[in-house]
Number of protein chains: 2
Amino acid sequence: MVEAGTNRRIVALAGGVGGARMADGLAGLPGVDLSVIVNTADDFVLWGLDISPDLDTVLYTLAGIADPVNGWGIAGDTHATLAGLGELGVDTWFSLGDRDFATHIFRTMRRRAGIALSAITADLADALGVSTSLLPMTDDPVATRIISAGQEIEFQEYFVAHRQADVVDGVRFAGIELAEPAPGVLRAIAEADVVVFCPSNPIVSIGPILSVHGVRSAIRATPAVKVGVSPIIGGKALKGPADRMLTSLGHEATALGVARLLVDVLDVFVIDERDADLAPQIEALGLEVVVLETIMGDRADRVRFAGEVIAALMGTVRR
Amino acid sequence: MVEAGTNRRIVALAGGVGGARMADGLAGLPGVDLSVIVNTADDFVLWGLDISPDLDTVLYTLAGIADPVNGWGIAGDTHATLAGLGELGVDTWFSLGDRDFATHIFRTMRRRAGIALSAITADLADALGVSTSLLPMTDDPVATRIISAGQEIEFQEYFVAHRQADVVDGVRFAGIELAEPAPGVLRAIAEADVVVFCPSNPIVSIGPILSVHGVRSAIRATPAVKVGVSPIIGGKALKGPADRMLTSLGHEATALGVARLLVDVLDVFVIDERDADLAPQIEALGLEVVVLETIMGDRADRVRFAGEVIAALMGTVRR
């Protein structure tokens with residue numbers, strides 16, 4: 001599958017912080033050409049500015065400037081603009097740092113000039129010295145809506161303003177039926193040696209990417225090995241509401257539950273050592289299972305983990 | 001003209017830093033209801049944001065937060081967003097601080113929502129605790145263009161990017177023929193006891209205000225005493241290019257030259273002690289002349305000067 005002397009072409013599908021850290025680990029591996037396809041269904045307009053939370057989290061993480069505690073935003077960023085907006089009576093329910101505002105002002109200015117999100121993202125990556133190919137899943141507008149108690153809520157309202165307190169009865173990706181994959185997405189998948197489903201929320205991070213027209217079938221058709229990493233460890237999400245969301249939507253909030261959701265696009269599933277007992281049931285779905293220490297710390301640890309995942313593929317997959 | 005027990009109604013016409021400081025002095029006088037009509041022909045869109053340099057300079061000065069050295073921007077402001085834009089490859093030829101960005105983001109967001117500049121300005125003043133009525137000259141778009149060597153240059157390009165190095169052969173206010181006075185402008189002038197022409201550039205700060213449809217005739221028709229303060233002292237502008245601009249446009253770069261430009265809308269002209277020898281010639285134009293120390297320092301000194309101007313009116317004008 002991989003010829004000697006050529007780089008291994010890896011495509012990663014990623015959402016927020018967990019996905020960004022996995023992508024960062026893959027980017028640190030030697031001999032790898034990495035493309036990251038990023039969820040954009042969380043994108044929204046805030047205070048007149050186009051915000052792409054997942055793209056920015058991946059961008060900042062790969063650039064080595066992400067806030068190490070939050071995972072999102074920029075390390076050491078100040079908040080004078082946000083404080084100023086507060087002084088002007090604006091409800092500052094969403095935190096943006098001063099340096100981060102530059103990204104949003106830049107993106108908004110260029111989008112208003114008719115430039116596609118994918119082109120802007122490539123320029124942002126370039127400016128921050130990120131050589132990984134960062135691909136929004138689509139250049140078209142898609143907006144995740146959370147259905148809770150019979151009402152539809154904007155995703156960021158649910159995620160940030162309500163701190164994910166609403167019970168998620170349903171999820172809808174508004175605009176998805178008209179969304180075409182961004183330039184390079186289908187080709188990266190078709191030409192990949194490995195497709196990695198990062199440990200991102202399977203419903204609202206991986207779900208939208210797979211729902212973009214042509215993406216799921218491209219992943220099913222690619223000769224690449226397809227490996228997923230469970231974002232659920234011991235029945236809990238490390239970060240975010242994936243566990244509660246899985247439960248309220250009728251799935252099992254375990255690595256097995258995630259594997260069931262993604263079984264049609266996976267060959268291999270990586271689970272945490274704490275979930276080793278689930279391996280037989282996941283294997284019974286027809287997937288190879290790899291058991292690893294999946295919690296990632298700093299960049300060195302992310303590279304360690306990514307290396308173990310890729311090495312395990314070489315050992316387990318015979319096609 | 002002013003009845004005992006009622007506030008004196010003062011309307012000030014202002015452009016940039018000098019105008020803002022005079023307005024600040026007037027605002028500090030006891031028993032005064034102040035309205036400031038501010039030039040908006042310098043307004044422009046920068047990085048997708050609506051910037052109103054003169055309105056902001058007056059706003060920040062009246063709020064007591066203006067940078068004391070520059071006169072524009074906010075004291076102690078940081079520049080992380082600007083640095084971020086620079087990192088992203090944006091030409092950061094125009095300096096905006098982080099706290100200042102909040103003003104521009106707020107204004108842009110509200111204008112995109114269809115709210116008039118005058119209403120947004122009132123809200124900004126309110127949020128910053130400014131009780132003076134701040135009135136943009138118009139809610140309609142007007143843009144000063146500088147004509148130099150046969151070419152038309154955007155005002156901020158001339159003023160900031162070129163540091164006023166171009167020889168000004170002409171000035172044009174694009175859009176002025178369609179600009180209506182903002183709500184409250186004509187009424188404030190009609191009901192004023194005193195109209196003050198602040199020491200702002202007569203060509204590009206006072207000029208656009210007088211050119212808005214109906215403003216010049218309202219000033220000529222008001223029963224108010226109309227007093228101008230020369231922005232030129234000893235043949236030099238304290239700040240900005242007014243002196244060179246007057247010369248290149250064929251005027252005299254003196255208090256007399258400014259008086260000639262404004263003679264049809266003035267009753268009284270205040271000149272600096274250094275220009276006392278010009279008094280006879282200015283009086284020959286039909287104006288009363290008041291000679292004062294016109295250079296203003298801190299807020300106390302601005303109030304001192306404003307008080308002297310108003311007191312002088314009571315002494316000189318008999319109508």
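Guide: In this predicted model, a salt bridge joins the side chains of A:Asp56 and A:Arg107, with an N to O distance of 2.4 Å. A:Asp56 belongs to helix H2 (residues 53-62) of chain A and A:Arg107 to helix H4 (residues 98-112) of chain A, so the pair ties together parts that lie 51 residues apart in sequence. Over all chains, the count comes to 40 salt bridges. Side chains of opposite charge can pair when their charged atoms come close.

Across the interface of chain B and chain A, two salt bridges are found. B:Arg99 forms a salt bridge with A:Glu87, and the closest N and O atoms of this pair are 3.1 Å apart. Four residue pairs are in polar contact across the interface of chain B and chain A, with both residues at pLDDT 80 or more.

On the side of chain B that touches chain A, the elements giving two or more residues are helix H3 (80-87), helix H4 (98-112) and helix H5 (117-127) of chain B. H4(B) supplies the largest share of that side, eight residues. By residue type, the side of chain B that touches chain A divides into 14 nonpolar, five polar and three charged residues.

The extent of the contact can be considered next. Chain B contributes 22 residues and chain A contributes 22 residues. The size of an interface is often given as the accessible area lost when the parts come together. Chain B and chain A bury about 1900 Å² between them, and 75% of this area is on carbon and sulfur atoms. Within chain B, the residues that lose the most area to chain A are B:Leu88, B:Arg99 and B:Ile105, which together account for 30% of what that side buries.

The arrangement of the two chains remains to be described. Chain B is superposed on chain A by a rotation of 180 degrees with 0.0 Å of shift along its axis, at an RMSD of 0.0 Å. That is the relation of a two-fold axis. The C-alpha of chain B nearest the axis belongs to B:Asp98, 3.2 Å from it. The same surface serves both copies, as 100% of the contact residues of chain B recur in chain A.

As for confidence, the model scores ipTM 0.89 and pTM 0.92. Chain A averages a pLDDT of 95, and 97% of the residues score at least 70.

How values were computed
Residues numbered from 1 in each chain as written. Chains lettered and ligands numbered in written order. Heavy atoms only, no water. Least-squares fit on C-alpha atoms with pLDDT ≥ 70 in both. Contact = heavy atoms within 4.5 Å. Buried area = accessible area lost by both parts, 1.4 Å probe. Salt bridge = Lys/Arg side-chain N within 4 Å of Asp/Glu carboxyl O. Polar contact = N/O pair within 3.5 Å; in protein donor to acceptor, adjacent residues only side chain to side chain. Helix = DSSP H or I, 4+ residues; strand = E, 2+ residues; numbered from the N terminus. Nonpolar A, V, L, I, M, F, W, Y, C, P; charged D, E, K, R; others polar. pLDDT = per-residue confidence, 0-100.
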